[in-house]
Amino acid sequence: MAGVVAVAAESLAGGRARAARTVLDQVVLPGEELLLPEQEDAEGPGGTGERPLRLNAGVRARVRVVCGPGLRRCGDRLLVTKCGRLRYKEPGGSGGGVYWVDSQQKRYVPVKGDHVIGIVTAKSGDIFKVDVGGSEPASLSYLAFEGATKRNRPNVQVGDLIYGQFVVANKDMEPEMVCIDSCGRANGMGVIGQDGLLFKVTLGLIRKLLAPDCEILQEVGKLYPLEIVFGMNGRIWVKAKTIQQTLILANILEACEHMTADQRKQIFSRLAES
Amino acid sequence: MKETPLSNCERRFLLRAIEEKKRLDGRQTYDYRNIKITFGTDYGCCIVELGKTRVLGQVSCELVSPKLNRATEGILFFNLELSQMAAPAFEPGRQSDLLVKLNRLLERCLRNSKCIDTESLCVVAGEKVWQIRVDLHLLNHDGNIIDAASIAAIVALCHFRRPDVSVQGDEVTLYTPEERDPVPLSIHHMPICVSFAFFQQGTYLLVDPNEREERVMDGLLVIAMNKHREICTIQSSGGIMLLKDQVLRCSKIAGVKVLEITELIQKALENDQKVRKEGGKFGFAESIASQRITAFKMEKAPIDTSDVEEKAEEIIAEAEPPSEVFLNLLRVSKPVLWTPGTAQIGEGIENSWGDLEDSEKEEDDEGGSDEAIILDSIKMDTREVSNIGSQDAPIVLSDSEEEEMIILEPDKNPKKIRTQTISAKQEKAPSKKPVKKRKKKRAAN
């Protein structure tokens, strides 16, 4: 353990690797290399290659560690590619858990499986072109709606809002999205209604709001009856009974990013009174 | 990138909200967003924030020959640029329509209104006048660029100080900022643009539209006024039919708004003046608040920067040498303290423009200029200022072909121009003289 701490302490300027365990919840910068727990023993004190003699040296449990957003495999280490805080999640069953970097950005990059809100920009033949905030518009086939057949086309116009998920999203191809899940059911996806307000927030706020047990959402739900759709591309669609209420909700959600929990509670209580 | 399309649902919502007299951010129909004016460390540099729309303005000056048909007037030059960081839709070469429209409007507002006394910019009639250049950069687009740009332009002009010049007979003396305090420009009045957006064929009107409202508006009316209620420019675009009383009403509203904005500008200028005089901290590092991404922060620890140069030299001397990769990047590592609270380490990447033939001529003539006096911009690096004491060579003012520069023939009694500074702005970008010094260092090594 002392060896690991020594390595961490003197590695700041030299680009030497640090143990991932020691930098949890701290800010990491792109270019840093992180050591997984199983490799720390191998480095040894000072990293000069003095390996302590071990019995059973060959038998080490190989655990499968998932490297999430912001991290990349580099040899047998993890390379940080985004600046932010390093997070770790304990594994539920077997496996080594997940490491990822919590970073903040506003520009969305399509990821397979993400549910997003898109705006239809063009109808050409059998597909719709949908703008999702990425570098290319995604394509959406007209058959990818619940109950759609060649005779029974869905009623989608240019300028409509669509809630769907990506089935193909990588850097080499144009992203493709659909509005049905693997069983063929809509499951909440499809064309979003006519009224309501669409606004944009940062991606970090969306992840915060979509986390399980998010207090903000519960409090907002107690204020007014509302319909709300979150897209992982930073877009939120909200609809309440009157325009005034919709505007209040939109402003609260945008402001939630920079408010502490106490400030938020104050604002909500003030709104609940009026 | 293409602009994000406006969805039907947003358009419908915005128009319905405007019919109910509601705006997205809770403003009233005639309300402006918060205007924030901050100044940089050099004179003539300011950032104006109108809500989230940000414009950076910078004024610089230079001695040139006047235009042939206006021999006793200085030259004004305005330029607004839409930076690519302002909106994803702005690409180099893409936004020409909007750019041309904004530049024309700005020129009409500032040049034709004669807010700056150009006669006072004349140094020697027919030979030397001041050319004042106002560069505006849009840093973030959240609607109403023209208002923010006009405020930034006039604030930067009021804040700017040009070097002092004295003419005695045939001798013209140009003083550096160290010898004599630079003097402000002579400004008659402050024209400010106010924008009105019209919806539903002129039925509804909003002042200071933000980006969403601009997308759904039918037409735009811009009125440029000063605080004496004189209209400098008025322009209506979008092709809507406006009634006479609508335009009159707008001009009355504009009068009120311009008064408020002018007061704000005066207060900001006075505050900055006070801070500079008292020796407090000024500049962008102080006035632009740091944005918070998370809701939790630590208190800032106050740092005393008075002896930062000595401390840094000690640390650098004692530290182990950095790896090869960094050695090439950290050529000049001696920090320079510009003002309390604003310091600079290094000067960026080497200037690759320094390899022109002019660089050899400049190497011979170093004269008394010290490192702190740096030429203005890379464009100006190609112009040479007359050498000290050299009375034989013709004075070449500019090598650029875009401007008509008159090369003066040597007279019997040549005018001696004493110093080599021609810009009040201390340039932080890489320039020729430090490059030249670095070359000499390398030669020594």
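Which residues gather in a patch of positive charge on the surface? The legends below begin with that patch and then turn to other close-up views of this predicted model.

**Figure 1. A patch of positive charge on the surface draws on chains A and B.** The residues gathered here are A:K106, A:R107, A:K200 and B:K52. Of these, A:R107 is located in the loop that runs between β8 (98-102) and β9 (115-124) of chain A. A:R107 is classed as partly exposed because its relative accessibility is 46%.

**Figure 2. A patch of negative charge lies on the surface of chain B.** Four glutamates, B:E310, B:E313, B:E314 and B:E318, come together in this patch. B:E314 belongs to helix α7 of chain B, which covers residues 308-318. With a relative accessibility of 48%, B:E314 is partly exposed.

**Figure 3. A salt bridge joins A:E174 to A:K129.** The two side chains meet at 2.8 Å, N to O. A:E174 sits in the loop between β12 (161-168) and β13 (176-178) of chain A, whereas A:K129 is part of strand β10 (residues 127-131) of chain A; the pair therefore ties together parts that lie 45 residues apart in sequence. A:E174 has a relative accessibility of 28% and so counts as partly exposed. Over all chains, the search of the whole structure finds 23 salt bridges.

**Figure 4. B:R54 and B:E49 form a salt bridge in chain B.** The closest N and O atoms of the pair are 3.7 Å apart. B:R54 is partly exposed, its relative accessible area being 24%. B:E49, in contrast, is buried, with a relative accessible area of 15%, a value that falls under the 20% limit for buried residues.

Figure 5. B:K257 is buried, at a relative accessible area of 9%, whereas B:E260 is partly exposed, at 45% relative accessibility. Side chains of opposite charge can pair when their charged atoms come close.

**Figure 6. A network of salt bridges connects five residues of chain B.** The linked residues are B:D25, B:R27, B:R33, B:D142 and B:D208. The unreviewed UniProt entry places the feature "domain: Exoribonuclease phosphorolytic" at residues 32-163 and 189-254 of chain B. Across residues 189-254 of chain B, the span is 26% helix and 39% strand. The end C-alpha atoms of this span lie 16 Å apart.

**Figure 7. A:T242 is found in a loop of chain A.** This loop lies between β17 (235-240) and α5 (243-255) of chain A. A:T242 counts as partly exposed, since its relative accessibility is 38%. A distance of 49 Å separates the C-alpha atoms of A:T242 and A:G96, which are 146 residues apart along the chain. According to the unreviewed UniProt entry, residues 196-243 of chain A carry the feature "domain: K Homology". Over these residues of chain A, the chain is 38% helix and 31% strand, and the end C-alpha atoms are 8 Å apart.

Technical notes. Residues are numbered from 1 along each chain as its sequence is written. Chains are lettered from A and ligands numbered from 1 in the order in which they are written. This is a predicted model: local features need pLDDT of at least 70, side-chain atom pairs count only at pLDDT 80 or more; totals for chains, interfaces and linings use all residues. Side-chain values use heavy atoms; hydrogens and water are left out. Patches are made of residues with over 30% relative accessible area and no salt bridge: like charges are joined within 9 Å, nonpolar side chains (Val, Leu, Ile, Met, Phe, Trp, Tyr) within 5 Å. Accessible areas come from the Shrake-Rupley method with a 1.4 Å probe; for residues, only the protein chains shown count as cover. Lys and Arg count as positive and Asp and Glu as negative; His and the chain ends are not counted. The place of a charge is taken as NZ of Lys, CZ of Arg, CG of Asp or CD of Glu. Helices (H or I, at least four residues) and strands (E, at least two) are DSSP runs, numbered from the N terminus. Buried means under 20% relative accessible area, exposed over 50%, partly exposed in between (1.4 Å probe, protein chains only). UniProt positions are given in the numbering used here, feature names are shortened, and annotations may be inferred rather than shown by experiment.
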